[in-house]
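Work through the exercises below with the sequence and the 3D structure at hand. Try each task before reading its solution.

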Amino acid sequence: MVFKYQKAFGYSTEDLDTIIAPMALDGKEPIGSMGTDIPLAILSEHPQHLSHYFKQLFAQVTNPPIDPIRERAVMSLATFAGNNGNLLLEDPLTCHSVALKQPVLNNYELEKIRSIDTGLFQSKTLQCYFKADGKPGSLKTAIDRLCRYAVDAVEDGFKVLILQDRAIDSDHASIPSLLSTAAIHHHLIKKGMRGQVGIIVEGGDVWEVHHFACLIAFGATAVNPYLALSTIRDMMESGKLRTHLSEDQLKKNYIKAVNDGLLKVFSKMGISTLQSYQGSQIFEIVGLNKDVVDRYFTGATSRIEGMGLDEIAREALSKHWLAFSRRDIPSSRLPVGGVYQWKQKGEFHLFNPQTIHLLQEATKKNDLQLFKKYSALVNDQTEKAATLRGLFQFKKNRPAVPIDEVEPAESIYKRFATGAMSFGSISWEAHTTLAIAMNRLGAKSNTGEGGEDERRYEKMANGDSMRSAIKQVASARFGVTAMYLAEADELQIKMAQGAKPGEGGQLPGHKVDEWIAKVRHSTPGVGLISPPPHHDIYSIEDLAQLIYDLKNANPKARISVKLVSKAGVGTIAAGVTKAKADVVLIAGYDGGTGASPVSSIRHAGLPWELGLAETHQTLVKNKLRSRVVVQADGQMKTARDIAIAALLGAEEWGIATAALVVQGCIMMRKCHLNTCPAGIATQDEELRKRFSGDPDKVVNFFKLITQDLREIMAELGFRTVNEMIGQVDQLEMRPAIDHWKYKNLDLSAVLYKEPNSLYTGLYCQEEQDHGLEDNLGWKLIEDAKPALDHQAKVTGSYTLKNTDRTTGTLLSYAISKKYGSAGLPDGTIHFKFNGTAGQSFGAFNTKGITLELEGDANDYFGKGLSGARLIIYPPRTASYIPEENSIIGNVALYGATAGEAYIRGMAGERFGVRNSGAKVVVESVGDHGCEYMTGGLVVVLGETGRNFAAGMSGGIAYIYDTRKTFAGNCNTEMVDLDPCDLSDKNELFTLISRHAEFTGSTVAKFILDDLDNQLQHFVKVFPKDYKNALQVSKQGASVHKK
Amino acid sequence: MASNPGLYNPAFEHDACGIGFVTSLKGYKSHQHISDALTVLENMEHRGACGCENNTGDGAGIMIQTPHEFFFDECIRLGVHLPAFGKYGVAVLFFPRDIRLREECREIFNRSAERLGLEILAYRKVPVNPDGIGPTALSVEPETEQVFIACPDHISNGDDFERKLFILRNYASHTIQNTVKKDAIGFYIASCSHRVVVYKGQLTSLQVRNYFPDLQNKRVVSAFGLVHSRFATNTFPSWKLAQPFRYIAHNGEINTLQGNLNWLRTSEKGFTSPYFTREEMEMLLPIITADQSDSACLDNIIELLTLSGRSLPHVMMMLIPEAWDGNEQMDPVKKAFYEFHSSFMEPWDGPASISFTDGRIIGATLDRNGLRPSRYCVTSDDRVIMASETGVLPVDPALIIEKGRLQPGKMFVVDMEKGKIISDTELKKEICSQKNYGEWLNKYKIRLEDLPEPRVMFTHLERDHGF
């Protein structure tokens, strides 16, 4: 029976083994890697779940995603099912509804609600089926009837509707639960009745996190996944799950995994409560027609048309008939799936054994003919469409030009970049090979978010260079030092990542060896967390500030902002351009080598074709296009892909996956396991020996693809790449697409050419005005000349206003350029300031600088501190008590790697987030202090806010806890709270003495005068992982001694 | 959407900004507060943005108390004798520049007032100085006028008068929206109150002071100035999207807007309130019209909930609640308040720093996760300065008695009538104990675990039927 239902509702063996089983066993959503290269749902030959046409939206730039694990305290899954009452009155009866702690109901809970009768509150079950006759209109009739029944039920006073799809048989198929839910939800909204009733879905077709998310976002109050739960029992009874866990526990695990997954889905949009997510419709629909969307998913974004109700019915029936077969021999197996990894008879993948082999051979032999064969296999999608661009063709309405008139390959190479993959996620060999190859070509490689070993800044003996031209600045700021920034040609702010936009990442401890730990300024063996948001970018004006900071940290580098394609990415790109970015990178959802939860890889974000076209159109419309370079990446594999990207508006292109395949990757998709057989995505020494890539192959790849691109250009009649940019009228839909499913796709919005004004070009032709000339930094550099020239000591004093931002950063750049990461000797430069500092005071300041501020400061004080000393205290004339008043803003010392700071007064929220080396004394901090900290030392001589030390894996914090409130405010998931011993006392004595000396702090003096007594009030916050790692290295050291 | 053949959709737009206010703690009115507030605005220029031209801003503005002395004198010039302060309301209207469209709008506005029994006393053209304003902004610059509306004799309560003005604003706006031909400028009511007046436009924060000569007039006095400077993700000029709105200046983003609007739309059909007649309620609806920013929508719902009988801080707590679920340290009385309200109002969720005022109290609140900065300072000469940044108004350090920041989920209110700051704890204690929310929950909330055993056990059925 379970088996029959599984077939009817479209389960594959992959769904059972790869999705449901891990969730039941481990209580977690499974992880995958290497992106996705299967067709979009609307292009797939395999019957799809309706939710696959829905792509999750996510926050980037204009608001931050939330970390639902480390910041669980602000999240909530609670909800109410029932009548909302009248908003304008305070009536006790409005709360007469069922309070749920979370939205996933097991069968027992559902039955309780089905039987409920309080005298005022009852529920009604509606059957969601349609006639399985395959005739046009059957599904429509069924939905209309269902909506009528729902209205009747509300009018009859029922407070909960249960939408059930169990009653199916050979003549009656289930309506996809998402469709029935959304249809009833919107019908009741239109009737003004939705607030009077809760909707609970009892659905057979609900098993992945994404299915739940879609249901809730389109109106469900709660969900009972009865078939997924039965599947778990069935798998356990048939021995498929080798486990000692009880059935009950397995189901609990599964529900927990769904809940955690839901928190992640809505936190990636920056939403903290399930109640707000309900009905929020935060999806873009890709592949349903306007009629369906307007009627049943009213108000949701959908831009390229697609299937109508009859096609949806046809797809549903193709699953239904697997179970209720009209043939004599019913199929005895579930479909294989093949979505997460290539399988014979499974879903189509662009990178399959054949294309991988051809590409590797072609680049090894530098063989253009083989490369063309590979390209033809990838490009030819007449039989099997896999991408939107596969549906395009070139118009060729311009006269062709001879190939020797096309600009030379050498001038095109500089437009290529490789993807951002960190040293840590991929091996040293793979990482440096890419860098060397790109440097040989004059193109750009990317550090990824893991910092860069300084050895790579020097040229190699043979003239090669391992230096990455693009240095990434990601949320964790690993290894983002003054020197790192100064060494870049381009600084790339990673707002989101294609594989998992809106989510953070994690580098497991076993991948963090000594080398990687050094480059990332962390402890070997201790896992590293990348937060979902940049904590200095919660809004567009914050991004403008970070761009300004980075421009100060390296005025010569281009500042690039990486966005992931989604509905609305164009407006964000326009905002980013107004925030003075030099480059906007639009990444497709499908790329991404990083490890990521499987539901995120496929269901979040859009193909780059949509994002790029929207971005180009919006920038042209806003007269901003010629101020910024547009780059695109995401599963680009051939010259045809590049040419289409250029015509849609990208003048530069990134390639990641294909470059790895050239280096020997065979798409095992095990990057997250450290067992990569090609020696690429692993730190294992034995496996790394198997690495077969070399710079020549990568160089060959880019040469071949450029050659091929030049041939396309000649054919299309373009002599230069610039001429091609945004000439979207050179593209058209392939004629005679008569596939039942996607024949009604309408890509005219993608191929629309936004008319440009006389003054706006279609590619970047102007430089951004970064407004650096007013910065105080130039004066500081002038005054510090003796120090810069011959390390002589200098002092100076200045007045600051809140409009003086990013103080000292330009000076720091000048020092790094001349003296490298060593900077200047301690105390060489001492500048004194009075007044209020603007944002980012002392950001990325390097060794040898002391900035002393009498006054107060705004957000991002000491951001990315790289060795300088910062001192701040209130004006001597102020009469208020310093330790009880605010002196600096939020997110101070974010991503600091070295240096000291002494702060006499209270700091704001998120103090010392991702600190990896600075030593700091402060007199009080707000919520989320020392979050994700991996090194350094923080002394708080006063109270902290909530959620202190969440995700803290290294470094030490000491809290002066006289009121004994700290334990309640600390998140002890990853840290121990220990008493202080003698060595702590010495450490504290040194730092607090300096604090007293530099700032005149009375709190510090009081403690020092009575240190032996006061020591008992200090709590030592000691990360558990760090403690273990120290123990291991101590044991290691003693073993060595023997 | 149908109008645009490409992929762009205005619904995708976002904005962010800097906000702030300067207020007299004791409610003393002075021109200095306005001038200081404008200084605050000017010092946050880097938080706003410029469009494709450096002299076209994304919008900036200021809200002040109705400057009676100034308006009285101005109206004398128009040959009208204004009644006492509080006995007339002021609506700030953005008219199309096309004279025929403008007069059509004006006639509808007049008829709407008449229908509500409100007498129009005078229209005053707000003088403006467009020097230095970018061509893009000027291309859709409206004609700004203030209209003075008498308070009917039978209304003695100020709140009742505000409700009448609210109905007038919604009714006139809807009617004009549905009747008058639309041009690029359109009709819009920036504020309509007897307590406050808004000056705003498609300006940079540096342009506000100069664009409105009124703001430099010494007779224009107020106990506070509430300012806002906007950073939008586009360069399409829209004067009405500038802030402050009628109750708030919002720095933030409502992530769940579509859902919030759907829930509101479906429930507004059933609205009843002792403060509005059935007919008045019909004239008010829809509360939120299309084509607005998320901040404008939030302002609309705040206005409705406030004028239907809840206090402004109470409304803020309903819409932007603290993280109460699972917070073991929270006072049970407060928790009950939040839980009760969550049974019928979902949070308008997202990062937010909101400054709000009804003309008598002025305050600010922050979202549950503290995702926007909000710094304040209290001086010994009874001023409170609150802004996205510290140091935006130069103050002698010796005068400062307190410097603080708004913490996540917390609120801060200056009661200008009582002349004091009300702390978060005090304020919320009072609001949460107005009614016995905890008892209501105990009595009516249905807990899943308390429900009786089901009539049929599907867990058995599952066995019997194999699934």
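**Exercise 1.** What covers the buried residues of H10(B)?

*Solution.* Note before starting that this is a predicted model.
Step 1. Locate helix H10, residues 312–319 of chain B.
Step 2. Check its residues for burial. A residue counts as buried if 20 or more other C-beta atoms lie within 10 Å of its own. In H10(B), Leu312(B), Pro313(B), His314(B), Val315(B), Met316(B), Met317(B), Met318(B) and Leu319(B) are buried.
Step 3. Draw the conclusion: eight of the eight residues are buried, so H10(B) is largely enclosed by the rest of the structure.
Step 4. Look for the covering elements. They include the helices H9 (294–307), H11 (332–342) and H12 (424–432) of chain B. The strands S10 (352–357), S11 (361–366) and S15 (411–415) of chain B are also among them.

**Exercise 2.** Describe the open sheet of chain B that contains S4, S5, S3 and S6.

*Solution.* 
Step 1. Write down the order of its four strands, which is S4-S5-S3-S6, with antiparallel pairing.
Step 2. Find the edges. Strands S4 (119–125) and S6 (188–193) each have a single partner strand, so one side of each has no neighbour in the sheet.
Step 3. Compare directions: on average, neighbouring strands are turned by 20 degrees against each other, direction ignored.
Step 4. Take one pair in detail. S3 (residues 88–95) and S6 of chain B are joined in the antiparallel sense over five bridges, and Phe94(B) has Tyr188(B) in S6(B) as its bridge partner.
Step 5. H5 (residues 158–179) of chain B lies across S3, S5 (143–150) and S6 of that chain, and runs at about 170 degrees to S6(B).

**Exercise 3.** Is Ile401(B) buried or exposed, or does it count as partly exposed?

*Solution.* 
Step 1. Count neighbours. Ile401(B) has 15 C-beta neighbours inside 10 Å and therefore counts as partly exposed.
Step 2. List its contacts, leaving aside neighbours within four places in sequence: Tyr880(A), Val378(B), Thr379(B) and Ser380(B).

**Exercise 4.** How many residues of chain A are in contact with chain B?

*Solution.* 
Step 1. Count both sides: 110 residues of chain A are in contact with 90 residues of chain B.
Step 2. Sort the chain A side, which gives 41 nonpolar, 50 polar and 19 charged residues.
Step 3. Look for strand pairing between the chains. S4 (residues 98–100) of chain A pairs with S17 (residues 446–447) of chain B in the parallel sense, over two bridges. There, Ala99(A) stands opposite Arg447(B).

Technical notes:
Residues are numbered from 1 along each chain as its sequence is written. Chains are lettered from A and ligands numbered from 1 in the order in which they are written. This is a predicted model: local features need pLDDT of at least 70, side-chain atom pairs count only at pLDDT 80 or more; totals for chains, interfaces and linings use all residues. Two residues are in contact if their C-beta atoms, placed from the backbone, lie within 7 Å. Ala, Val, Leu, Ile, Met, Phe, Trp, Tyr, Cys and Pro count as nonpolar, Asp, Glu, Lys and Arg as charged, and the others, Gly among them, as polar. Two strands pair if DSSP finds at least two bridges between them. Axes are lines fitted to C-alpha atoms, for helices over the stretch in contact, and angles run from 0 to 180 degrees between N-to-C directions. A residue is buried if 20 or more other C-beta atoms lie within 10 Å of its own, exposed if 12 or fewer, and partly exposed in between; C-beta atoms are placed from the backbone.
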